[in-house]
Amino acid sequence: MDNEYLSYIFEGRQNGTPLDEIIFLAGSISPSTNLSQIRALHNDLAAFFSGSHPGFQENSLPYHNLRHTQMVALATIRLFHGLHCNNIPVSEDMLRKGLLAAYFHDTGMLLEQGDPAASGTQYIDGHENRSIHFLKVYIAEQGLSDDYTRDCAIIINYTKLNSDPATFDYHSHEVQIVGQVVGSADILAQMADRYYLECLPLLYHEQEAGGINRHRSALELMEHTANFYQNVVLKRLVTTFSNTFTAMRTHFRKRHNIDRNLYIENIDGNIAYLRQIIAKCKDIECLEKYLKRTPPSSSI
């Protein structure tokens, strides 16, 4: 099976976006799901990021962009599909809440019209609360019940890398599963992306502009990424999120007859290559010689 075919499968794209695949999987999991609402959600979020939605400016962040959002939504529905195929019930409400949270989880970095901030980077630290606010407004506009606001807020908080779900307000086992799905999807979609390594300097510059000084340089961030995955990310996927990520293998087996977890394979490949080039390089200019892929446009 060639890499080009696997990349096509992984990206889930047919007409430029993964919407068709998201719709197909949602219908497979819950035939009663209103697919037109999912389609509208997908298109509404594209409008938020492009600035064509009333009240919002076009997103200018190169890392936390529309592509990332759509890849998280795709990973979310794939995990739901894997759980469903593993005979774990996934209700229509779980599906909708999960997709709402996935699509909105990074909207807190978008600028509103007339926003006092010069850049969305100013909202990176604690952006989840702002994302929850925007989703609350959207949920009200859709005429959904209050439990959607409450549950989706908790689900978005699962995407905070340093959060402990045990400290969250009481929530049902169903909401816990959805939170674990979306939290896992956020990690998997980022780190398995074929452009992940090329995007790490972009992440550093976003964090630097947002006043988050976890690293002294883009090179240091890249040097620490492999250990970060081993010591922090894997623990979160396995322990905090109860191995939910393993449902990806079931998804690919049932959907594409590929008995592999392509997300974990891609992450392992990214980390192995990163270790290899870090061993050769002492500056970012050297690293860039080994990073040849050009990330797609942030608007897709």
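**Reading the core and pockets**

Modeller: Start with the largest nonpolar core, which has 96 residues. Those with the most contacts inside the core are Ile 77, Leu 100, Leu 188, Met 222 and Tyr 263. A nonpolar core is a set of buried Ala, Val, Leu, Ile, Met, Phe, Trp, Tyr and Cys residues joined through side-chain atoms within 4.5 Å. Buried means under 20% relative accessible area, exposed over 50%, partly exposed in between (1.4 Å probe, protein chains only). This is a predicted model: local features need pLDDT of at least 70 and side-chain atom pairs pLDDT 80 or more, while totals for chains, interfaces and linings use all residues. Residues are numbered from 1 along each chain as its sequence is written, and side-chain values use heavy atoms, with hydrogens and water left out.

Colleague: Which residues does Ile 77 touch?

Modeller: Contact means heavy atoms within 4.5 Å. Leaving out residues up to four places away in sequence, Ile 77 touches Ile 22, Leu 25, Ala 26, Ile 29, Leu 95 and Leu 99.

Colleague: How much space lies in the largest pocket?

Modeller: Rolling a probe the size of a water molecule over the atoms shows where empty space is left. A pocket is an open set of points on a 1 Å grid over the protein atoms alone, where a 1.4 Å probe fits, with protein on both sides within 12 Å along at least five of seven lines; lining residues have an atom within 4 Å of a point. Points are joined across faces, edges and corners, and the volume is the space filled by probe spheres set on them. Here that space is about 880 Å³.

Colleague: Which residues lie nearest the centre of the largest pocket?

Modeller: Leu 161, Leu 203, Gln 207, Arg 214 and Phe 228, out of 36 lining residues. Helix 10 gives the most to this lining, seven residues. Helices are DSSP runs (H or I, at least four residues), numbered from the N terminus.

Colleague: Is Leu 221 buried or exposed?

Modeller: Leu 221 is buried, with a relative accessible area of 5%. Its place is in helix 10. Leu 221 touches Leu 200, Leu 203, Tyr 204, Gln 207 and His 215, again leaving out residues up to four places away in sequence.

Colleague: What about the second largest pocket?

Modeller: About 430 Å³ of space lies there. Of its 21 lining residues, Ser 7, Arg 194, Asn 266, Asn 270 and Arg 293 are the closest to its centre. Helix 12 supplies the largest share of the lining, six residues.

How values were computed:
Helices (H or I, at least four residues) and strands (E, at least two) are DSSP runs, numbered from the N terminus.
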